[in-house]
Amino acid sequence: MEAILKLSLLLIVLSILATVFRLVRGPSVPDRVQALDMLGFLIISTTAIFTIFIRSTAFFEVILLIGILSFISTVAFARFIERGYAIDRKSD
Amino acid sequence: MKKSNDVILRTVAKVASVIIFTFAINLFFSGHHNPGGGFIGGLAFAAGLTLLFLSYDIASVYNNSMLDFKVLGAVGVLIAVLTGVAAMVLGKSFLTHNVARINLPLFGATQLATSVIFDIGVALAVIGTAVTIIMSIGNDRQ
């Protein structure tokens with residue numbers, strides 16, 4: 001059981017390294033935005049595996065909160081790429 | 001500029017903002033023994049308001065909420081400071097808190113702490129500050 005958890009943490013570290021490479025190297029802005037979203041999901045999965053590791057339910061709020069913040073930041077970046085600003089002052 | 005067509009985002013934001021607000025209140029009330037508290041509850045509430053700002057616009061959210069967020073932040077700081085001063089008036093040192101166990105009719109034996117009032121002040125201050133920052137950044141010019 002513990003060996004599987006440690007192996008999955010190692011694999012997540014490898015994929016975090018690959019995602020950081022895409023975040024730094026990425027040729028265009030949407031690549032970097034997707035890499036940021038992917039980093040959020042990898043942090044969520046790390047927290048979940050750590051929660052199983054220490055057998056506690058204390059970090060479930062952390063998982064929900066990182067999910068919410070990752071969703072909102074992705075929406076904001078998408079709107080900024082699409083139209084050049086993020087928040088409308090007054091809708092037409 | 002062509003007219004924006006974001007039906008999916010607005011439909012999702014109507015449901016998701018309610019969930020985020022509920023989760024923020026849950027985070028606020030779980031702060032005494034579990035992860036949570038006034039600061040992170042206020043930040044989650046401000047994140048829900050940010051989702052509404054992103055999917056709709058500043059004017060409609062501001063007109064529908066009928067709140068001046070600068071005044072809200074000032075009232076929060078005032079509540080937090082007055083909670084500390086009230087302990088000084090009663091002869092204890094600054095920010096001393098007290099805990100009482102009371103039988104409420106619906107919840108049973110409940111632990112009521114005066115630090116919840118301080119947390120309400122912190123949450124209001126964080127909501128006011130964060131939303132004021134976001135509104136003044138997004139409102140400059142387009």
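Student: Where in chain A is the place of A:Arg55?
Tutor: Quick ground rules: this is a predicted model, where local features need pLDDT of at least 70, side-chain atom pairs count only at pLDDT 80 or more, and totals for chains, interfaces and linings use all residues. Residues are numbered from 1 along each chain as its sequence is written, chains are lettered from A and ligands numbered from 1 in the order in which they are written, and side-chain values use heavy atoms, with hydrogens and water left out. Helices (H or I, at least four residues) and strands (E, at least two) are DSSP runs, numbered from the N terminus. With that settled, A:Arg55 sits in the loop between helix H2 (29–54) and helix H3 (60–83) of chain A.

Student: What is phi of A:Arg55 near?
Tutor: Most residues other than glycine have a negative phi. A:Arg55 isn't a glycine, yet its phi is positive, near 50 degrees.

Student: Is A:Arg55 buried or exposed?
Tutor: Buried means under 20% relative accessible area, exposed over 50%, and partly exposed in between (1.4 Å probe, protein chains only). The relative accessible area of A:Arg55 is 73%, so this residue is exposed.

Student: H3(B) has buried residues, so which helices do they pack against?
Tutor: The buried residues of H3(B) are B:Ile58, B:Ala59 and B:Val61. Contact means heavy atoms within 4.5 Å. The partners of those buried residues are H2 and H5 of chain B.

Student: How many residues of chain A are in contact with chain B?
Tutor: On the chain B side, the elements that give two or more residues are helix H1 (7–29), helix H2 (38–55), helix H3 (58–65) and helix H5 (115–138). H2(B) gives the most to that side, with seven residues. Altogether, 27 residues of chain B touch chain A, and the count on the chain A side is 20 residues.

Student: What is the area buried between chain B and chain A?
Tutor: The size of an interface is often given as the accessible area lost when the parts come together. Here buried area is the accessible area (1.4 Å probe) that two parts lose on being put together, summed over both. Carbon and sulfur atoms give 69% of the area buried between chain B and chain A, and the total is about 2,200 Å².

Student: Which residue of chain A forms a salt bridge with B:Asp6?
Tutor: A salt bridge is a side-chain nitrogen of Lys or Arg within 4 Å of a carboxyl oxygen of Asp or Glu. The count between chain B and chain A is one. B:Asp6 lies in the segment before H1 of chain B and its partner in helix H3 of chain A, so the pair joins two chains. The closest N and O atoms are 3.0 Å apart, and the partner is A:Arg79.

Student: Salt bridges that share partners join which residues into one network?
Tutor: Searching the whole structure gives two salt bridges over all chains. One is the pair of B:Asp6 and A:Arg79, while B:Asp6 also meets B:Arg10 at 3.6 Å, N to O. That puts three residues into one network: A:Arg79, B:Asp6 and B:Arg10.

Student: In which helix is the place of B:Phe69?
Tutor: At 5% relative accessibility, B:Phe69 counts as buried. Not counting residues up to four places away in sequence, B:Phe69 touches B:Leu49, B:Ile127, B:Gly128, B:Val131, B:Thr132 and B:Met135. Its own place in chain B is helix H4.

Student: How much accessible area does the nonpolar patch with B:Val81 have together?
Tutor: Patches are made of residues with over 30% relative accessible area and no salt bridge: like charges are joined within 9 Å, nonpolar side chains (Val, Leu, Ile, Met, Phe, Trp, Tyr) within 5 Å. Accessible areas come from the Shrake-Rupley method with a 1.4 Å probe, and for residues only the protein chains shown count as cover. B:Val81, found in helix H4 (residues 69–89) of chain B, counts as partly exposed at 42% relative accessibility. The patch also includes B:Val77, B:Leu78 and B:Phe94, and together its members have about 840 Å².
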